[in-house]
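Good morning, and thank you for coming.

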Amino acid sequence: MNQTKYIFVTGGVTSSLGKGIIAASLAKLLQARGYRATIQKFDPYINVDPGTLNPYEHGECYVTDDGAETDLDLGHYERFLNVTTSQANNVTTGRVYLSVIEKERRGEFLGKTVQVVPHITNEIKERMQLLGNTGDYDIVITEIGGTVGDIESLPYIESVRQLIYDLGENNGIVIHLTLVPYLAAAGELKTKPTQHSVKTLMESGIKADILVCRTEHELSSDLRQKLAQFCNVKREAVIQSIDASTIYDVPNLMLEEGLDRVALKKLDLPEKNTPDLSQWNEFLYRLKNPKHTVNIGLVGKYIELQDSYKSILEAFIHAGSANETKVNVISVHSEYIDKDNAADKLSGLDGILVAPGFGGRGIEGKIETVRYARENNVPFLGICLGMQMAVIEYARNVLGWKEANSTEMNEHTPYPVINIMEEQKNVTDMGGTMRLGAWKCQLDAGTLASSIYGGQSEISERHRHRYEFNGAYLGELQKAGLKPSGVNPDTGLVEVIELDTHPFFIGVQYHPEYKSTVANPHPLFVSFVKAAVQKKNK
Ligand code: GLN
């Protein structure tokens, strides 16, 4: 078996430079050259996983097939590479400490003092090599969250130093992503912050092999030379990453800059073929040359932060390209929608998506939104909480059960049309205890759901929720016209609902957005955008 090669991606100067996009773009190019590459992310915070984090903190929590609640960068990896990730692809400080402390309790350290070095660093190193040791990958890219110089990143940086030392020459390299700011007053790009952050890395014993420089303006040849000399990297290893109109341009930009070739050279690996990006470029062409435009309302309560609905926004980009349609996603705050202003706020939309979410804030606005979409024949997609709201809306306004609700919002509702699953009732821990990950769903032939999925009778989609459609009310809701078109074959739980009386009205208990990729745009989003185009052109 060939030695697995390791690429570590660190960040300097500021956060939010897009390490995830650079890592995903590089992996894409390596994959397109015929290498088996994967990406993993190490996050320095102490939460065991991002599942318990409010979306305002780090954006959306991304869920994998195996039910791991992970950093949203894993979503970028899947969307770019079209391969699935798992729990092994995302590790946090909390998880590392939890595992070391559990080992200590089991007596595995044989009476030794347990310390950051070597116990925490050994645990990190072991986890860094987990995917590499499976033999499934030629190259493992490891993204280190945070910015070098942060107190909490230190054990990771030390682990990278040790691992590169252990792996030996040409088997592990460091790409440092940094910012080259433009000072408008001076009319100049500045290299000093980069010099300082490379120096900070050096203080921890790590020499950057490649610099990827985020910039708003082209780096001149002189400036590249200066960065190379002062940061002690080869001239060809100074890579410009200029602001792009879409993240999906970044693989091409990195190809032009030669990031993949420099990395392969440093790892002593052959270039193999030139990357075949024809399918990718076809996607980009359709994205940039749309024939139609639609306005889709995204109704949710975390709209102040774009990253809260990352996968949904990306799924619209994939579906837009598939339909040669520019999808303007218009964020609408559910907290400020009520019966009186719903028409004002929502008219002019060609489609309405009611977003996932937790807790009571903004749910009445979501219910009014569903009513507006249902009564006005606006294409509607409800995801998770959005589907639950659609069930509540139907119960309240069609069956007249005015107090129908989810027991998440009102424990004493006389009509708990959405309630907690039996097995969740006694769960008191919040972390990792929901219905998570891939579950099967059987679709009824002849339904909208079945036609969206191309006639497939069984699908698998990812979940992240505690509450469910309450089967006790299924009969009456069904009689009133709410159709359960998808159910879990093992538990009988309702997964998909739809309305025959409406041109496109569908609610799904799962999260289709997690599985949409450039290579495989999700059929639900593709059909939803198509329905919006049809509505607009009517
Ligand atoms: N809060 C709801 C539940 O737990 C929906 C969750 C979601 O939208 N992801 O069931």
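The side chains of T10 and H176 make a polar contact of 2.7 Å. By polar contact I mean a pair of N or O atoms within 3.5 Å; within protein, one must be able to donate a hydrogen and the other to accept it, and residues adjacent in sequence count only if both atoms are side-chain atoms.

Before I continue, two remarks on the basis of this talk. This is a predicted model, in which local features need pLDDT of at least 70 and side-chain atom pairs count only at pLDDT 80 or more, while totals for chains, interfaces and linings use all residues. Residues are numbered from 1 along each chain as its sequence is written, and side-chain values use heavy atoms, with hydrogens and water left out.

T10 belongs to strand β1, residues 5-11. Helices (H or I, at least four residues) and strands (E, at least two) are DSSP runs, numbered from the N terminus. Is T10 buried or exposed? T10 is buried, because its relative accessible area is 1%. The cut-offs are these: buried means under 20% relative accessible area, exposed over 50%, and partly exposed in between, with a 1.4 Å probe and protein chains only. Leaving aside neighbours within four places in sequence, T10 is in contact with several residues, among them K19, I144, V148 and L201. Contact here means heavy atoms within 4.5 Å.

T178 is part of strand β7, which runs over residues 172-179. With a relative accessible area of 0%, T178 is buried. The side chain of T178 has a polar contact of 2.7 Å with the side chain of T194. Once neighbours within four places in sequence are set aside, the contacts of T178 include G12, V13, S197 and R214.

We turn to T191, in the loop between β9 (188-189) and α7 (192-203). T191 is buried, since its relative accessible area is 5%. Its side chain is joined to that of Q195 by a polar contact of 3.0 Å. Beyond the neighbours within four places in sequence, T191 is in contact with L223, K226 and L227.

How far apart in space are T191 and E314, C-alpha to C-alpha? The distance is 33 Å, and the two are 123 residues apart in sequence. E314 lies in helix α12, and E314 is buried, with a relative accessible area of 5%. Apart from neighbours within four places in sequence, E314 is in contact with R79, I247 and Y248.

**Backbone geometry**

Most residues other than glycine have a negative phi, and most peptide bonds are trans. V117 and P118 are joined by a cis peptide bond, with omega about 15 degrees; P118 lies in helix α5, residues 116-129. E324, which is not a glycine, has a positive phi near 50 degrees. E324 is found in the loop between α12 (310-322) and β13 (325-333), and is partly exposed, with a relative accessible area of 22%. C384, also not a glycine, has a positive phi of about 55 degrees. This residue sits in the loop between β15 (380-383) and α15, and C384 is buried because its relative accessible area is 5%.

**The ligand**

C384 brings us to the ligand, whose surroundings include C384, P356, F358, Q388 and Y467; a residue counts here if one of its heavy atoms lies within 4 Å. A nitrogen atom of the ligand is 3.2 Å from an N or O atom in the side chain of H511. The elements that give two or more residues to the shell around the ligand are α15 (385-397) and β19 (458-465).

**R371**

Finally, R371 lies in helix α14, residues 363-375. R371 is buried, with a relative accessible area of 15%. Neighbours within four places in sequence aside, R371 is in contact with K339, E393 and N397.
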